[in-house]
Amino acid sequence: MWTCGHILVWSCGRVDTGQGMKTIAIISQKGGAGKTTLAVHLATAAALSGLTTAIIDLDPQGTAASWGDRRRAGEPEVISGQAARLPTLIEAAQANGADCIILDTAPNADQTALRAASVADLVLIPCRAAMFDLEAIKTTLTLAQIAHKPAYVVLNAVPPRSGIGREAAEGLTRQGAQVAPVMLSQRVAFAHGVIDGRTAQEFEPGGKAAEEIAELYRWACGRVDMPASAPARKVA
Ligand SMILES: Nc1ncnc2c1ncn2[C@@H]1O[C@H](COP(=O)(O)OP(=O)(O)OP(=O)(O)O)[C@@H](O)[C@H]1O
Ligand SMILES: [Mg+2]
């Protein structure tokens, strides 16, 4: 398992100031909402578009870190970290040329979620379009408010070809939540792609799951003012 690996290696030969680095925190107090799924897919989208990207896995379950261990591709790097060390890890990443950091967090961990939200440029809150999940989201929305960071609910695992996602989005908006205009459907590629350390966009390139992630990624880039692909220097 990575502990604090390549982020330090990046420093070798790099002169990037890292000033443009963006941090996206994925938080939800509800277990199984899709935090890790969102984290690995968005981070891979950023890495595939040429941005130097790392996931910081703040969840003691280490799901993203295990995914990183299974992954053959070098990027995104996955670093296991503790929330208390987050400012240090973010600083190291920035100093060593990272363009994009994705924070994966644990469920039922208010302090970790709050710390992650506090250092982030954008907070994404995955939520299933089911009654219990929609009810449970209030705590997470409150945490994002406390951190004073822009926060969007990302409806996840929405049954395709149904109005359920749209209805959930309308309900959340009525409650005052901001909802991302792109939702992720319940798709086999999201679950199967990660088995051997890949993602949907690598497991089934050009598939519907890959399309949804590409769209969500482009939208997220717009929210944090991050280029959706790297300048030429990074693509080599
Ligand atoms: N859009 C989707 N389509 C299909 N399966 C999904 C989707 N999103 C998540 N899953 C599956 O749902 C399960 C839970 O997802 P995930 O591990 O990402 O949630 P989590 O919020 O990180 O959970 P935890 O709170 O335990 O950290 C996993 O088996 C994952 O593969
Ligand atoms: Mg998880």
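Predicted model: local features only at pLDDT ≥ 70, side-chain atom pairs only at ≥ 80, totals over all residues.
Is the crossing of α5 and α6 left-handed or right-handed?

1. The crossing of α5 and α6 is right-handed. Helix α5 covers residues 110-119 and helix α6 covers residues 131-146; their axes come within 9 Å and cross at roughly 45°.

2. From α5 come Asp 110, Ala 113, Leu 114 and Ala 117, while α6 brings Thr 140, Leu 143, Ala 144 and Ile 146.

3. Now have a look at Ile 101, which sits in strand β4 (residues 100-104). Ile 101 counts as buried because it has 28 C-beta neighbours inside 10 Å, and 20 or more are enough for that class. Beyond its neighbours within four places in sequence, Ile 101 is in contact with Met 21, Thr 23, Ala 54, Ile 56, Ile 90 and Ala 93. Ile 24 is 77 residues away from Ile 101 in sequence, yet the two C-alpha atoms are 6.3 Å apart in space.

4. Finally, a loop residue: Gly 62 lies between β2 (53-57) and α3 (63-70). Gly 62 has 19 C-beta neighbours inside 10 Å, so it counts as partly exposed. Gly 62 and Ala 106 are separated by 44 residues in sequence, and by 9.0 Å in space from C-alpha to C-alpha.

How values were computed
Residues numbered from 1 in each chain as written. Chains lettered and ligands numbered in written order. Axes fitted to C-alpha atoms, helices over the stretch in contact; angles between N-to-C directions. Helix = DSSP H or I, 4+ residues; strand = E, 2+ residues; numbered from the N terminus. Left-handed = near helix turned anticlockwise from the far one by under 90°. Contact = placed C-beta atoms within 7 Å. Buried ≥ 20, exposed ≤ 12 C-beta atoms within 10 Å, placed from the backbone.
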